[in-house]
Amino acid sequence: MERENYYIILDLSVDPPENDQEIIKKAIQNKKVEWSRLRNHPTKGLQVQKFINMIPDIENVMLDESAREQEAAAAAEFLEAGRENKISEIDGHIDILMGKGYIGKEDIIRLAEIHGLSQNEINDRIAAKQDGVYSRIDQLIGLRMGKGYILEAELARIAKKHSMDADEIRKRIRCPVIKDEKEAENLAIRPLDKSIEKSINDNLKIVVKKSLYDFLGVKENAELAQLQEKAGKKKKSLSNLGKKDAVVTAGLTLAGQCLTIFKTNETRIAYDVSLAQAKLASLDSDINVAAINKKIRYEYFDALVSRAIEFGMDREEAAAYIRAFCQKKKYRIEKKPEKNLRRPIVAAAAVVLILVVIAGYFGFSRIHHQKVLKSEYQQVIKQVDAQPAADQKIRLLKKYITTHDANEYSADAQNRISQIETRVSTEKFNNILQAAEELIETKDLDNALVFLNRQIEKAGDADQKKAIQQKINQVSTQIEKRDYAELTTVSLSGDPDQKIEIFQKYLKNHPNGKNREQVQALIDEISNEYFIYVRKMLSVYAKQEKWEDCIRLCQSYIEIYDNSHSDQLKQLLPEYQDNLRDEKIFKNLVEKADQLAPRYQAAVGIYQEYLAAYPESSVADKVKKEINRLNKKISVQNAERAANALRLQLAATGGRFVEKHSGVISDTRTGLMWSMLDSDATMTGTCLTYEQGQEYVASLTAGGFTDWRLPTPDELRGILKTSPAYPVNGKKSYWTSDSYSGYSDGWEIQVTTVSSPDATHWETVRRNAVECGTAWAVRKP
């Protein structure tokens with residue numbers, strides 16, 4: 001780093017990064033105090049002064065969100081690098097101590113002291129290293145199980161290579177171990193049935209797992225009982241999920257297959273054989289992909305060897321297998337170019353003699369130095385081989401190169417880096433092609449095309465780009481054929497809108513499609529059919545007031561065709577656009593009016609202002625309905641206020657009038673029940689004719705009663721003129737049930753009313769039924 005990291009200087013949390021500015025400010029202030037106290041310290045003074053000079057920059061960086069985020073990322077990277085270096089150093093010491101076959105307790109104590117760790121942490125690291133060794137051994141065993149058995153000679157080689165007892169290796173082998181190939185004739189071991197194997201692999205792809213072991217989350221050498229237990233739990237947990245999507249369904253199938261395959265050792269061995277053969281098939285596929293024009297470049301050969309080593313071969317075995325496969329396929333392996341060697345210059349005899357003397361003087365030192373370098377590099381290679389990920393291998397090799405002077409081993413390290421990078425590149429490329437093929441095989445052509453187009457942008461190698469482009473062209477051709485076949489079917493039986501949609505989709509997705517002219521002809525052919533459909537749907541949408549759909553339909557036709565039909569739709573379009581605009585205005589009016597509740601009179605004013613400005617608006621009827629709705633709410637408010645005021649007046653009547661039911665008054669003197677409010681109170685500002693008054697009382701449901709009627713003249717006089725009288729305010733003219741037909745310049749209905757100009761002096765007056773009056777409802781209990 002060019003400077004110290006501010007997160008580390010301030011002792012702030014890096015994981016997760018501290019982002020609270022108050023805590024950061026406090027940390028800076030604490031450091032200021034600490035540094036001021038130490039500025040004259042004999043050993044720390046210079047460093048502290050440097051920190052004090054950095055304070056302005058520390059504040060700028062740590063109090064700026066973007067800069068602080070970058071600083072946190074740099075701190076995390078720095079700490080991770082330190083941790084990896086420490087782990088690498090510990091692993092190197094463990095490898096050295098394990099050279100004698102074991103690590104004693106005193107070794108663990110000494111390692112803990114050297115590295116400042118606990119003995120448990122050292123034990124954990126040793127266990128991790130041993131797991132890595134066993135993992136590699138299982139890998140070697142697994143690949144050799146492809147033939148259904150393992151030879152004693154193979155077992156011995158594995159044991160010798162890892163300095164382990166052969167019996168220890170034998171415990172990890174799940175198939176028969178035989179002395180020679182002749183014994184294999186008596187074995188009846190076969191791989192899984194191909195249909196079962198295909199079903200397993202298809203479902204593994206869906207759940208993104210490499211094998212049934214990977215699916216259960218166990219190692220390949222797990223016991224049958226553990227495999228059965230894991231499979232049972234897996235099936236139970238998946239069965240309990242409510243949503244059964246493709247992943248869950250595939251998982252349930254795999255769990256069932258695990259329960260069957262891992263039931264006996266024989267069926268398990270059959271699966272292991274199939275798994276090993278699949279690895280060899282994958283390696284064969286990699287070789288075929290690498291053989292461009294029947295030639296394998298030397299870089300690809302090295303990458304294929306590394307790939308085979310990952311599967312479980314040693315280097316010599318891998319090279320021999322690949323060469324044999326290439327010979328069978330008649331592939332040519334390119335030779336690695338040799339470096340030009342400088343011819344030594346023959347010096348004078350005296351100089352040679354001096355050099356020999358010098359060489360003899362330094363010979364022992366040089367030989368010793370070479371041995372140290374070789375031993376050190378071998379330890380590095382062991383660490384590299386133990387790493388599971390390619391980037392970890394490269395990091396270790398680069399570290400060796402940067403920390404050592406140029407020598408034969410640093411050159412070998414660079415060569416190994418190139419091989420790993422080539423292998424990774426080839427592996428990624430193979431995975432790309434395989435993923436694309438899987439999508440193509442499942443007829444998921446659209447996603448295959450998207451995937452390939454994304455990958456071609458990332459590809460750096462010209463040959464890889466060319467191969468991907470060929471695959472893109474192949475998929476594009478298949479998609480065009482598929483789309484045209486689908487289009488042809490719809491053109492024969494589809495509705496007009498379906499036809500237009502699929503025709504337009506084809507032209508958009510295949511601008512250079514070979515059937516473009518035929519599709520354009522089909523579009524021209526259905527112009528009348530599509531116009532009839534558009535007019536029909538416009539009528540439906542207009543009734544439903546779906547103006548946006550009306551506009552969309554018109555514009556769809558106008559954009560495709562230029563004929564007399566499109567001219568008609570162009571004339572209709574402005575009306576639909578105006579209606580849509582009015583509809584949006586109406587929605588805004590409703591929102592504004594609703595916000596004023598319960599001030600309904602003010603809300604009515606908003607609607608009235610709009611009607612005054614736009615009396616011919618397409619939403620005028622809707623506005624009027626809203627006004628009526630609000631007026632009813634206003635009447636309810638007025639009625640509630642009137643009822644509350646009336647209750648206070650009724651309290652002064654000495655108990656004659658009692659509200660036994662809400663909104664209903666009982667006259668304790670006559671026994672009659674009256675609606676508390678008359679029509680003037682419940683229908684503010686509304687005057688009723690006699691017929692309207694009859695309808696009013698007939699529809700009344702006050703107190704839950706439905707048998708209300710108009711009172712007789714005597715009933716009205718009894719409640720209004722007999723003290724204590726029912727409290728009434730203002731001028732009134734109440735309709736009664738007493739009416740008859742009379743003739744005066746024509747037949748008319750005369751009705752007896754009980755009227756008063758001041759709600760005090762009441763008299764009986766006959767009035768025409770069409771005049772204005774008030775209805776008051778009464779009923780007998």
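In helix H26 (residues 564-595), the side chains of Arg581 and Asp578 form a salt bridge with an N to O distance of 2.8 Å. The term salt bridge denotes a side-chain nitrogen of Lys or Arg within 4 Å of a carboxyl oxygen of Asp or Glu. Because Arg581 and Asp578 lie 3 residues apart in helix H26, about one helical turn separates them. Arg581 is partly exposed, with a relative accessible area of 45%, and Asp578 is likewise partly exposed, at 34%. Here buried means under 20% relative accessible area, exposed means over 50%, and partly exposed lies in between (1.4 Å probe, protein chains only). Helices (H or I, at least four residues) and strands (E, at least two) are DSSP runs, numbered from the N terminus.

The model is predicted: local features need pLDDT of at least 70, side-chain atom pairs count only at pLDDT 80 or more, and totals for chains, interfaces and linings use all residues. Residues are numbered from 1 along each chain as its sequence is written, and side-chain values use heavy atoms, with hydrogens and water left out.

## Further salt bridges

By the rule given above, the structure contains 33 salt bridges. One of them pairs Lys50 with Glu4, whose closest N and O atoms are 3.4 Å apart. This pair connects distant parts of the chain, since Lys50 belongs to helix H3 (residues 45-53) and Glu4 to the segment before H1, 46 residues apart. Lys50 is partly exposed at 39% relative accessibility, and Glu4 is partly exposed at 25%.

Another salt bridge joins Arg268 to Asp272, with 4.0 Å between the closest N and O atoms. These two residues are 4 residues apart in helix H14 (residues 265-290), which means that about one helical turn separates them. Both Arg268 and Asp272 are buried.

| Salt bridge | Closest N to O distance |
|---|---|
| Lys50 and Glu4 | 3.4 Å |
| Arg268 and Asp272 | 4.0 Å |

## Cysteines

The structure holds 1 disulfide, a term for a pair of cysteine sulfur atoms within 2.5 Å. The disulfide joins Cys687 to Cys772, with an S to S distance of 0.9 Å. The link of Cys687 and Cys772 is right-handed, with 130° about the S-S bond. Distant parts of the chain are brought together by this pair: Cys687 is in the loop between helix H29 (679-682) and helix H30 (690-698), whereas Cys772 is in the loop between strand S10 (763-768) and strand S11 (778-779), 85 residues apart. Cys687 is partly exposed at 33% relative accessibility, and Cys772 is partly exposed at 41%.

Two other cysteines have computed accessibilities in the buried range. Cys326 is buried, its relative accessible area being 1%. Cys554 is in no disulfide, and the nearest cysteine sulfur, that of Cys550, is 6.8 Å away. Cys554 is also buried, with a relative accessible area of 0%.

## Backbone geometry

The peptide bond from Asp15 to Pro16 is cis, with omega near 0°. Pro16 is placed in the loop between helix H1 (6-9) and helix H2 (21-38). A cis peptide bond also joins Ser723 and Pro724, where omega is about -5°. Pro724 is placed in the loop between helix H31 (713-721) and strand S8 (732-743).

Positive phi values occur in residues other than glycine as well. Lys330 is not a glycine, yet its phi is positive, at about 60°. Lys330 is located in the loop between helix H16 (315-329) and strand S4 (332-333), and this residue counts as exposed at 71% relative accessibility. Ala759, a residue other than glycine, has a positive phi near 65°. Ala759 is in the loop between strand S9 (747-756) and S10. In contrast to the exposed Lys330, Ala759 is buried, with a relative accessible area of 15%.
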